[in-house]
Amino acid sequence: MKIWGRINSTNVRKVLWCAEELNLTYETIPAGGEFGIVNEPAYLAKNPNGRIPCLEDNGLILWESNVIVRYLAKKYGQEPFAPADIQAWYAAEKWMDWTSFSFAMPFRNLFWNLVRHTPEQRNEDEIALGITHCTPLMAMANAELEKAPYLSGDHLGIGDIPLGCIAYSWFSFPIERPSMPALEDWYERLKSRPAYQKGVMSPLT
């Protein structure tokens, strides 16, 4: 198994965390950003989007981070991480796409301004707008986590992975955040997991 990507990518972190939770053996190949590779013909033959992550597993090539997480969970996962019950599976899966589509732009504005831009390059209006958009989304997750310890239900599962990767940045950003006890408790549970520590908690760059 090979995983292409750079570990400071939120989308790559999803795949690495999932692979660690499942105790998979894999090779990581740095790609994207300063590592290049993604525009080379050999890589584009695998992933014509020229994006990361990309997975190769026994001849199967997959791209799109959420798809890769679902594949790994379906192929290698067991209960309760990968529930056999279809209702439990899709109840968790909805949080994956909700996170990816709802958070994409406001989170990107926050991340680039607070992490990748120098203080002189930062756009304070974009930062404020990002916080304004992300805060009610986090509040939605907090409301769900008041009902169960994980977005996937009683146990960690695929539904927690996309937001869990964003949460690492959210709670690391030097911003004021309203108190959301259930979300904060969930994040503390994630941080205690060795797979999360290895797959997600690399330096923000």
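Which residues in α5 meet which residues in α7? The points below take up that contact and some other local features of this predicted model.

1. **The α5/α7 contact.** On the α5 side, the residues are M138, A141, N142 and L145. They meet P181, A182, L183 and W186 in α7. By class, seven residues of this contact are nonpolar and one is polar. None is charged.

2. **Geometry of the pair.** Two packed helices are described by the angle between their axes and the distance between the axes. Helix α5 covers residues 124-145, and helix α7 covers residues 181-191. Their axes lie 7 Å apart and the packing angle is about 80°. Angles of 65 to 115 degrees count as roughly perpendicular, so α5 is roughly perpendicular to α7.

3. **The kink in α4.** Helix α4 runs over residues 86-116. It has a kink of about 60° at A104.

4. **The start of α4.** D85 caps the N-terminal end of this helix. A side-chain oxygen of D85 lies 3.2 Å from the backbone nitrogen of Q87.

5. **Salt bridges.** The count for the model is eight. One of them pairs E56 with K46. The closest N and O atoms of that pair are 3.6 Å apart. The cut-off for a salt bridge is 4 Å, so the pair qualifies. E56 sits in strand β3 (residues 54-57), whereas K46 belongs to helix α2 (residues 41-46). The two residues are ten residues apart, and the bridge links distant parts of the chain.

6. **Cis bond at P53.** The peptide bond that joins I52 and P53 is cis. Its omega is about 5°. P53 is in the loop between α2 and β3, the elements that hold K46 and E56 respectively.

7. **Cis bond at P80.** A cis peptide bond also runs from E79 to P80. Here omega is near 0°. P80 is in the loop between α3 (65-76) and α4.

8. N23 is placed in the loop between α1 (10-21) and β2 (27-29).

Conventions
Residues numbered from 1 in each chain as written. Predicted model: local features only at pLDDT ≥ 70, side-chain atom pairs only at ≥ 80, totals over all residues. Heavy atoms only, no water. Bend = angle between axes of the 7 residues up to and from the residue. Helix = DSSP H or I, 4+ residues; strand = E, 2+ residues; numbered from the N terminus. Polar contact = N/O pair within 3.5 Å; in protein donor to acceptor, adjacent residues only side chain to side chain. Axes fitted to C-alpha atoms, helices over the stretch in contact; angles between N-to-C directions. Parallel < 35°, antiparallel > 145°, perpendicular 65-115°, else oblique. Contact = heavy atoms within 4.5 Å. Nonpolar A, V, L, I, M, F, W, Y, C, P; charged D, E, K, R; others polar. Salt bridge = Lys/Arg side-chain N within 4 Å of Asp/Glu carboxyl O.
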